[in-house]
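Here is a short report on one protein chain.

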Amino acid sequence: MSGPASGDQNFARVIILGSGPAGLSAAIYAARAGLNPIVIQGMQPGGQLTITTEVENYPGFREAIQGPWLMEQMQAQAEHVGTRMVWDTIVDVDLSRRPFRLIADGGVTYTCDALIIATGAQARWLGAEGEAALSGKGVSACATCDGFFYRGREVCVIGGGNTAVEEALYLTNHSPSVTLIHRRDTLRAEKMLQDRLLAHPGIHVLWNKAVARFVGGGPGGALSGVALIDTVNGRISHHPTQGAFVAIGHKPATALFAGKMPLDEDQYLQVRPGTSLTAIPGVFAAGDVADKVYRQAVTAAGMGCMAALDAERFLQMNGGS
């Protein structure tokens, strides 16, 4: 089925929801294929990298780069090859037939023959005092992203599930002392991971402790420790640390698609393994909205490339003007 006439400014052969690494990489590939994509930027243009300071693990840069700068460059590249950026927020979608319909909060309707969903995910935060103020100054939600900055320092991980245990084990590559802080007396992580963590000489577990406050006062106003409350007796204690990694899970931005396409038990979009294909022909997913394992900018960018190539093949086989 072909879409509206090309004169319709709110129609595109490909619309991409989200403007992080996945969305912008998809846009670059789709634009270079002559598909003239529209990127609808959403609530957080540029994605999570716009609130990330130094990035050392994105290929191609010898020195650390700034997250917002990287996203500015990706957007400029996407626009240069023919992407149209739209600052809008989609509040409803109709994916029952093509062209797909997307309704913005101001009532504007966008239509497309292929849709790439790259709305991302956000880390779940504790909401404790000092957490937001010290984010990037000792408080992080991604050990893989930021652990290298704390090499040789004492760090802690907050949580008790698979993510927390995996991050604690990962941090032992950089830190001589890693403390896992968990509000209960048993972990929720898989037994194999628990056994690895409890047997590791570089990891210490503080049971029945919850973070009441992140404490500043370190060099340059950085984190110096965490105030802990005992969940059994209510006593307050102080744990000195130079890096605190909150690992209580991520929340994918999929509320818009609930009841309209399959989500897994953690509310991530489901894709066919090794592809970006969802259960709806012509709808593709890329980046953290579908990836709960890696969650890196470089893997999101790779998935964006996959989604654009999959969308191009779909349009070649199914038409769309």
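## Charge

The protein chain carries 25 positive and 28 negative side chains. The centres of the two sets lie 2 Å apart. Lys and Arg count as positive, Asp and Glu as negative; His and the chain ends are not counted. Each charge is placed at NZ of Lys, CZ of Arg, CG of Asp or CD of Glu.

## Basis of the model

This is a predicted model: local features need pLDDT of at least 70, side-chain atom pairs need pLDDT 80 or more, and totals for chains, interfaces and linings use all residues. Residues are numbered from 1 along each chain as its sequence is written, and side-chain values use heavy atoms, without hydrogens or water.

## Overall form

The protein chain has six helices and 19 strands. These are DSSP runs, numbered from the N terminus: helices are H or I with at least four residues, strands E with at least two.

For 321 residues, a compact globule would have a radius of gyration near 20 Å; the chain's 22 Å agrees with this. The radius is taken over C-alpha atoms, and the globule rule is 2.2 Å times the number of residues to the power 0.38. Of the 321 residues, 51% count as buried.

## Helix α5

Helix α5 spans residues 191-199. Leu193, Gln194 and Leu197 are buried there (under 20% relative accessible area; exposed is over 50%, partly exposed in between, with a 1.4 Å probe and protein chains only). Seen down the axis of α5, the buried residues fall within an arc of 100°, so they line one face. The arc uses directions from the helix axis to the C-beta atoms.

The face turned away from the buried side carries exposed Lys191, Met192 and Ala199. Cover for the buried residues includes α4 (162-171), β12 (177-181) and β13 (203-206), with contact meaning heavy atoms within 4.5 Å.
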